[in-house]
Amino acid sequence: MLRPGLSPVQGLGFVLLCLVLGASQSYAFELDLKDSKNATCLYAKWQMNFNISYETINKTTKSVTPGFSNVTYKGSSCGDDENGPKIAVQFGSAFSWSVNFTKKASHYLIDSISFSYNTSDNTVFSGAKDKGIINVSDSVKIEIPLNSMFKCNSLLTLKMNDVVQNYWGVVVQAFVENGTVSKKEFLCDEDKPSTTVTPVTHTTVPSSTTTPTPKEKPGVGTYLVRNSNGTCLLATMGLQLNITQDKVTSVINVNPNLTDSTGSCSPQTSQLRLNGSTIKYLDFVFAVKNENRFYLKEVNVSLLVNDSVFSISNTNLSYWDAPLGSSYMCNKEQTISVSEAFQINTFDLRVQPFSVIEGKYSTAEECSADSDLNFLIPVAVGVALGFLVIVVFISYMIGRRKSRTGYQSV
């Protein structure tokens with residue numbers, strides 16, 4: 001994953017790097033916490049948002065989803081002999097959040113998550129009945145093997161009293177050894193594929209490369225990502241998902257009317273996340289290359305197939321390449337090969353993950369399939385006109401010859 005725009009923040013003998021990517025009420029953070037020797041002790045990347053309910057003086061219930069402004073990181077630490085590592089974030093004028101880690105013999109724990117908010121801030125908690133700082137804490141106790149990175153793309157929700165916390169796209173490793181982040185992944189239960197498959201009616205194919213396609217095309221939907229400046233990502237497309245497991249292929253047409261979109265935008269990366277009744281998440285991650293073009297770099301998916309969870313990720317793709325400031329368009333059917341077991345067919349595609357102006361698409365760069373078709377149309381017209389000229393010329397010559405024959409008879 002690209003790490004653009006990171007800047008060091010000095011303090012307490014470590015360097016904290018944090019990237020805020022996203023909408024005003026949903027943020028993505030990337031954190032590289034270093035010790036006094038400038039070695040990484042903790043690495044984390046995650047997205048989160050909060051929803052808080054409170055009672056008003058009118059005996060009604062209101063809810064607020066705080067935005068992330070004036071962010072600070074006081075209290076974040078690599079830990080010491082008595083205390084484990086800790087990530088601490090303060091934002092707005094009324095909110096703070098922290099997560100603590102502890103170490104055991106062969107594993108470490110995401111031990112507890114704490115969140116506090118101040119209902120005395122009337123600009124956020126308008127008309128709150130009870131005033132003061134409210135603290136909520138949850139002992140999550142997620143065990144992770146040492147020298148392994150915890151990864152969870154699925155949505156994780158914590159409900160504590162009147163607070164709902166949502167986390168997704170989580171990647172974290174505490175107690176990093178020798179300053180090198182491990183490549184070993186430990187998946188959360190929600191991301192792990194199920195080993196139980198319920199028998200259903202399906203299509204059997206002789207190999208994983210053969211994929212049956214439904215007769216009907218998927219519906220075309222328009223998906224948006226917004227931030228404080230307005231719409232920052234636009235996508236219009238029909239999506240058809242092809243999943244192969246044990247030479248059994250399932251084909252799913254994504255219904256745009258039953259699909260929600262979220263995501264985040266930054267100068268160097270943008271993410272579109274789709275979710276629905278059977279789709280836990282379907283992520284399209286775009287990146288900038290050579291400072292003047294964008295492309296589809298990554299696809300992550302987790303969905304229910306035949307009552308089992310199918311999850312896969314590819315962070316090294318190269319599709320939908322176009323100049324920055326333009327959109328990418330392909331009306332013809334395209335196939336994104338995420339892996340041998342998962343492909344995405346797209347229809348009537350148009351996407352612009354960067355530099356959206358006034359919520360509208362910019363000039364499109366067309367895919368080669370569309371360009372070939374557009375090239376053939378004028379060629380075909382030219383050939384037809386040429387043929388017509390030849391026919392007219394031949395008719396003229398035949399008519400002229402008959403006229404000469406008539407004069408000779410006279």
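User: Is Leu258 buried or exposed?
Analyst: This is a predicted model, in which local features need pLDDT of at least 70 and side-chain atom pairs count only at pLDDT 80 or more, while totals for chains, interfaces and linings use all residues. Residues are numbered from 1 along each chain as its sequence is written, and side-chain values use heavy atoms, with hydrogens and water left out. Buried means under 20% relative accessible area, exposed over 50%, and partly exposed in between (1.4 Å probe, protein chains only). Leu258 has a relative accessible area of 57%, so Leu258 is exposed.

User: Which residues does Leu258 contact, leaving aside its neighbours within four places in sequence?
Analyst: Leu258 lies in the loop between strand E17 (248–253) and strand E18 (259–265). Helices (H or I, at least four residues) and strands (E, at least two) are DSSP runs, numbered from the N terminus. Contact means heavy atoms within 4.5 Å. With that cut-off, and with those neighbours left aside, the partners of Leu258 are Asn275, Gly276 and Ser277.

User: How far apart in space are Leu258 and Ser277?
Analyst: Along the sequence, Leu258 and Ser277 are 19 residues apart. In space, taken C-alpha to C-alpha, the distance is 7.3 Å.

User: Asn153 is also in a loop; what is its relative accessible area?
Analyst: The loop that holds Asn153 runs between strand E10 (149–152) and E11. Not counting residues up to four places away in sequence, Asn153 touches Trp168, Gly169, Asp191, Arg273, Tyr281 and Asn300. Asn153 counts as buried, because its relative accessible area is 10%.

User: What share of the 410 residues of the chain counts as buried?
Analyst: The chain is built with 1 helix and 27 strands. Among its contacts with a separation of 6 or more, 53% join residues 24 or more positions apart. Of the 410 residues, the share that counts as buried is 44%.

User: How many bridges join E6 to E7?
Analyst: Two strands pair if DSSP finds at least two bridges between them. E6 (residues 86–91) has 5 of its 6 residues buried, and Lys86 stands opposite Asn100 in E7. The hairpin of these strands has 3 residues between them, and Gly92 takes a positive phi near 60 degrees there. E6 and E7 (residues 95–103) run antiparallel, and the number of bridges is 6.

User: Why is E8 described as largely enclosed by the rest of the structure?
Analyst: E8 pairs with E7 in the antiparallel sense over 9 bridges, and Ser98 stands opposite Ser114 in E8. E8 also pairs antiparallel with E9 over 11 bridges, where the partner of Ser112 is Ser139. E8 is largely enclosed because, of its 12 residues, the number buried is 10.

User: How much space lies in the second largest pocket?
Analyst: On a 1 Å grid over the protein atoms alone, a cavity is a set of points where a 1.4 Å probe fits but cannot get out, and a pocket is an open set with protein on both sides within 12 Å along at least five of seven lines; lining residues have an atom within 4 Å of a point. Grid points are joined across faces, edges and corners, and a volume is the space filled by probe spheres set on the points. By this method, the space in the second largest pocket is about 470 Å³.

User: Which element gives the most to the lining of that pocket?
Analyst: The lining has 26 residues, and those closest to the centre of the pocket are Ile110, Ile113, Ile142, Phe150 and Leu156. It divides into 20 nonpolar, 1 polar and 5 charged residues; Ala, Val, Leu, Ile, Met, Phe, Trp, Tyr, Cys and Pro count as nonpolar, Asp, Glu, Lys and Arg as charged, and the others, Gly among them, as polar. The elements giving two or more residues include E4, E7 and strand E12 (163–174). The most, 4 residues, comes from E12.
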